[in-house]
Amino acid sequence: MKISNSKILITGGASGMGKIMGQMALEKGAKTLVIWDINQENINSTVTELSKYGEVKGYRVDVSDYDMVQKGYEQVVKECGDIDIVVNCAGIITSNKTFDQQTQQEITRTIGINTIAPMFVTRAFLPDMLKRDSGHICNITSAGGMLGNPRMSVYGASKWGAIGWSESLRIELKASHSKVRVTTVAPYYTNTGMFDGVKSKVFPILKPEYVSRKIIRAIEKNTIFAGIPFGYHFIRFWQFILPIHLFDFIFGEVFGIYHTMDHFTGRKN
């Protein structure tokens with residue numbers, strides 16, 4: 001999918017990787033960048049900052065609210081025209097509590113933003129893409145959706161769900177011979193502030209600029225699934241090969257993955 005001359009919408013686009021990808025898309029010649037975010041102050045500052053690279057439109061949308069997504073969709077189409085690329089980037093993690101300590105509000109909010117919201121957003125824009133028989137949906141999930149991990153059970157569940165939905169959508173479109181493409185991206189911990197306090201013993205915490213470049217490239221190449229770093233593509237292979245207790249020991253204890261969330265603090269604001 002060509003970024004140049006395209007209209008691209010990024011949820012969570014006023015901060016973190018969403019903002020970085022927005023700038024990269026404009027630098028590659030995107031015709032219009034549409035930002036959806038919940039934080040109006042961040043939207044205003046990001047629109048001002050990125051407008052020097054091209055046309056930028058910002059809208060306050062709670063992507064977990066179906067009615068708000070529908071109204072946002074209608075406004076975007078009216079003011080900006082058809083969207084060529086949708087990047088579902090908005091995501092949250094609320095704490096490093098064990099599951100028995102998670103509240104109803106934390107569970108509902110996490111699943112709502114990480115799993116249901118990409119479905120709402122895609123459901124709004126997909127019919128137009130199908131009519132045009134062109135377009136691209138990119139869903140930013142997580143390596144946490146490929147590997148169970150203590151102290152992130154709800155987050156992991158939300159990302160497992162997002163991966164399953166994204167892959168199923170891709171197969172549906174393929175079966176219908178549609179030219180609309182779907183890319184699923186599953187990055188390891190990325191240094192955007194969202195995972196402040198995480199300690200990774202073997203695998204390095206990723207830089208957001210690096211991950212953002214990989215995502216933009218994956219869209220351009222119509223990549224089906226991008227695990228970042230590449231080694232995470234082999235997680236399922238090792239889960240299949242190794243006995244569970246041995247997998248838990250090697251990846252959980254030796255590599256330290258099962259302890260990465262022990263000192264998690266997350267964003268302070």
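Which residues lie nearest the centre of the largest pocket?

## Basis of the model

The structure is a predicted model, in which local features need pLDDT of at least 70 and side-chain atom pairs count only at pLDDT 80 or more, while totals for chains, interfaces and linings use all residues. Residues are numbered from 1 along each chain as its sequence is written, and side-chain values use heavy atoms, with hydrogens and water left out.

## Pockets

Gly91, Ile92, Ile93, Met194 and Arg267 lie nearest the centre of the largest pocket, which has 50 lining residues. A pocket is an open set of points on a 1 Å grid over the protein atoms alone, where a 1.4 Å probe fits, with protein on both sides within 12 Å along at least five of seven lines; lining residues have an atom within 4 Å of a point. The volume of the largest pocket is about 1200 Å³, a volume being the space filled by probe spheres set on the points. Two or more lining residues come from each of α1, β2 (32-37), α4 and α5, and α4 gives the most, with 4 residues. The lining comprises 23 nonpolar, 22 polar and 5 charged residues. Here Ala, Val, Leu, Ile, Met, Phe, Trp, Tyr, Cys and Pro count as nonpolar, Asp, Glu, Lys and Arg as charged, and the others, Gly among them, as polar.

The second largest pocket has a volume of about 240 Å³. Its lining consists of 13 residues, with Lys214, Ala218, Ala226, Gly227 and Ile228 nearest the centre. The elements α6 and β7 (225-228) each give two or more residues to this lining, which divides into 7 nonpolar, 3 polar and 3 charged.

## Packing of α4 and α5

Helices (DSSP runs of H or I, at least four residues) and strands (E, at least two) are numbered from the N terminus. Helix α4 (residues 104-132) packs against helix α5 (residues 153-175) at an angle of about 15°, and their axes are 8 Å apart. The two helices are therefore roughly parallel to each other, a class for angles under 35 degrees. Their crossing is right-handed.

The contact (heavy atoms within 4.5 Å) includes Ile107, Pro118 and Leu130 of α4 and Val154, Trp165 and Leu173 of α5. Its residues divide into 13 nonpolar, 6 polar and 1 charged.

## Packing of α1 and α6

The axes of helix α1 (residues 16-27) and helix α6 (residues 208-220) come within 9 Å and cross at roughly 55°, which makes α1 oblique to α6. This crossing is right-handed. In α1, Met17, Ile20, Met21 and Met24 meet residues of α6 including Pro208, Arg213 and Ile216. The contact residues comprise 8 nonpolar, 1 polar and 2 charged.

Conventions:
Axes fitted to C-alpha atoms, helices over the stretch in contact; angles between N-to-C directions. Parallel < 35°, antiparallel > 145°, perpendicular 65-115°, else oblique. Left-handed = near helix turned anticlockwise from the far one by under 90°.
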